[in-house]
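Please keep the sequence and the model below at hand while reading.

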Amino acid sequence: RMKPTRVALLAIAAAAVCLYASTHYDNRPQIHSTISARRGIPAILPRQSLAATSFAKTGRAGLRVNAACDGGAYLSAEQKAELVRVADYIATPGKGITACDEGPGTIGMRFEAVGVENTEENRRKYRQMLFETPGAADHLSAAILDPETLYQKSDTSGKLFPEALKDMGILPGVKPHLKVYTLPGTGGETVMQGLDSLAARLKEYKAAGAVFAKWRSPLVIGEGQPSDLAIQANMNDLARYALICQDEGLVPIVEPDVSLKGCHDLETAVTANIRIQSALYKAMLDHGVFMEGTILKVNMVNPGKSCPKQYSVEEIADANVHVLRQCMPVAIPGVNYLSGGQNLEDASARLSLINKLKKNSPWNLSFSWSAALQMPLFELCRGKGGEIPLSEMSELYAKELAIAGAASLGEHAPEGTQGAHVPPVAEMAAVAA
């Protein structure tokens, strides 16, 4: 039997070894991880503990060292309250977003196609009409601006557009992303550029009056597309963008935009959109995004434009509600559908029925339309000798907004086959007849 004195000596020796190992371990070089570092609070993790976990941990001095699923815990109560205020205002029932964030080149092509010169003054006058059309504020909660428009003035009030919009009860936001980049070897799949300098640009845009931002990530459905690579790359980009936005005090509108091009059927579109949106929300949670302070802008789930199979508006609306119920977090207050190549008649018919079918689903479902509202306005410019018929445009735009507003409440009554998917061959035959 071991003597008591020897037992005591062994215990003391073991304790000394443990103390030495602990001290030696704590004195090893530490790594400043970028996994979860916040402004002013670097996350300091041991080398062997760099992997992100699924819950927030607390390190020395009570500092949070992992953001995953912490719901923006680093934000103050006041910051969260402001994000919620803006997001809830954008999600006002019966109101939507006018998307006029086309860059000078894009809107220039639309102008030039109808004989209007693409000048900064013409762009300014046209967008002032979109903002100041009588009754527009009855149907709009927000406007997405190109950075150029942030620094232009209304010649009615003499105020910069962000301030003028706020006076009308319309919140101004901005498109902060840069240009699309094609991922090599993917058959044309893309990501959006601009994350590296995003925080600096957002500071400038917020100082200019913006209260939210919108980032678009385009995707396609085709043979082997969207790939897992394209989905993960784009959804992680959207999550990072959202995190940076909230850190700068702006509400992020996240926009995964699935193109209508292609011959895919509605069932394929449903599967693709569930893959994309579920990956988006997982990425946002993993990045610690405060979900209540975000808005989703997304394509309506539709068959491809060249799909040979016919679908009713009821089938399309039901597919959209199904996708939302499969993966949309209830924490996000609103969804603003983009038009994405749909005309006003089809987009409004589908949105109205989606709202009727959503029943007790908690989200406000509305619009964030550009082409569906604006393309008919540009057509009014044809044959006008380069002049912009602002009065005619304003009159038509007011009627369009009234239709969109009614659709966002489920109160629009479409005519005939509006909202249905009619295969191209059948559509051409109907026109010929």
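In α8, residues D228, I231, Q232, M235, N236, L238 and A239 meet R275, I276, A279, L280, A283 and M284 of α9, contact meaning heavy atoms within 4.5 Å. The model is a predicted one, in which local features need pLDDT of at least 70 and side-chain atom pairs count only at pLDDT 80 or more, while totals for chains, interfaces and linings use all residues. Residues are numbered from 1 along each chain as its sequence is written, and side-chain values use heavy atoms, with hydrogens and water left out.

**Helices α8 and α9**

- By class, the contact of α8 with α9 has nine nonpolar, two polar and two charged residues (Ala, Val, Leu, Ile, Met, Phe, Trp, Tyr, Cys and Pro count as nonpolar, Asp, Glu, Lys and Arg as charged, and the others, Gly among them, as polar).
- The axes of α8 (residues 228-247) and α9 (residues 266-286) come within 8 Å and cross at roughly 40 degrees, which makes α8 oblique to α9 (angles under 35 degrees count as roughly parallel, over 145 as roughly antiparallel, 65 to 115 as roughly perpendicular and the rest as oblique).
- The crossing of α8 and α9 is right-handed, that is, the near helix is turned clockwise from the far one by less than a right angle.

**Aromatic pairs**

- The structure holds six aromatic pairs (ring centres of Phe, Tyr or Trp, the last by its six-membered ring, within 6.5 Å; planes under 30 degrees apart are stacked, over 60 edge-to-face and the rest tilted).
- One of them joins F111 and Y126 edge-to-face, at 5.8 Å centre to centre and 80 degrees between the planes, and links helix α3 (residues 104-113), which holds F111, to helix α4 (residues 120-132), which holds Y126, across 15 residues of sequence.
- Both F111 and Y126 are buried (buried means under 20% relative accessible area, exposed over 50% and partly exposed in between, with a 1.4 Å probe and protein chains only), and ring pairs link F111, Y126 and F378 into a cluster.
- The rings of W215 and Y241 have centres 5.5 Å apart and planes at 35 degrees, so this pair is tilted.
- Because W215 lies in strand β8 (residues 212-219) and Y241 in helix α8, the pair ties together parts that are 26 residues apart in sequence; both W215 and Y241 are buried.

**Loop residue S227**

- S227, in the loop between β8 and α8, is buried, with a relative accessible area of 17%.
- Leaving aside neighbours within four places in sequence, S227 is in contact with E189 and R275; E189 is 38 residues from S227 in sequence and 8.3 Å away in space, C-alpha to C-alpha.

Notes
Axes fitted to C-alpha atoms, helices over the stretch in contact; angles between N-to-C directions. Helix = DSSP H or I, 4+ residues; strand = E, 2+ residues; numbered from the N terminus.
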